[in-house]
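Please go through the following structure with attention to its ring contacts, its strand pairing and its surface.

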Amino acid sequence: MSMLESPIAQRNGQTMLCPICQISLKIALEGHGEVDFCEKCHGMWVDFMEERHVFELKPQVFTIDELRRLHNLYHPLGKIDPVRYIPCPVCKELMLRKNWGNYSGVVVNKCEKHGTWFSSNEQLEKIKEYIAYGGIEYEKLQMNQQDLAGINHKILKEIADRYRETEYSNMHARFYKFLGF
């Protein structure tokens, strides 16, 4: 991480404070993006628009076999921090605690309007590792498989409904034939 010339982070004309330590956040470069960090607790704020640059996300295509192999190699962050809701440095509303992505195992604090708070550089590095191991592509694969499973379920339900309707119609036809109609 490298420091910039204007070290104090500001949004909407207000100095941004660390949601943990309540001291001014400093501006630095991480990867190819700009982050705001706390010198005391080493937490980092990443705006939504900067996240792609910080993690250096590039479109890559992995085969399904590569994704499965890479996912087996990847181990989520084993450290579990105590649950603590903290305010967004921009709007001061409490942020949600979310697993970054769906399978990364890295729980971050996220403001749905402004960005993400990473409580340590270790979290940032673990997410970069997750991305490098094909985590985003794995999540896309999982979403596609879930979508296909949903479509398959709907088709099977439709087939079962049609089968019941046909059986019901056949039962009526046999009954009417029995009655002589």
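**Rings, strands and surface**

By the rule used here (ring centres of Phe, Tyr and Trp, with its six-membered ring, within 6.5 Å; planes under 30 degrees apart stacked, over 60 edge-to-face, the rest tilted), the count comes to 1 aromatic pair. Trp-100 and Tyr-130 form this edge-to-face pair, with 6.5 Å centre to centre and 90 degrees between the planes. The pair links distant parts of the chain, 30 residues apart: Trp-100 lies in the loop between strand 7 (96-99) and strand 8 (107-111), Tyr-130 in helix 3 (residues 121-132). Helices (H or I, at least four residues) and strands (E, at least two) are DSSP runs, numbered from the N terminus.

The model is predicted: local features need pLDDT of at least 70, side-chain atom pairs count only at pLDDT 80 or more, and totals for chains, interfaces and linings use all residues. Residues are numbered from 1 along each chain as its sequence is written, and side-chain values use heavy atoms, leaving out hydrogens and water.

Trp-100 is buried because its relative accessible area is 9%, and Tyr-130 is buried at 2%. Buried means under 20%, exposed over 50%, partly exposed in between (1.4 Å probe, protein chains only).

Strand 4 (residues 26-30) has 4 of its 5 residues buried, so it is largely enclosed by the rest of the structure. Strand 4 runs antiparallel to strand 5 (residues 33-37), joined by 5 bridges; strands pair if DSSP finds at least two bridges between them. Leu-29 has Glu-34 in strand 5 as its bridge partner. The hairpin of these strands has 2 residues between them, and Gly-31 there takes a positive phi near 65 degrees.

Ile-159, in helix 4 (residues 135-179), counts as exposed because its relative accessibility is 52%.
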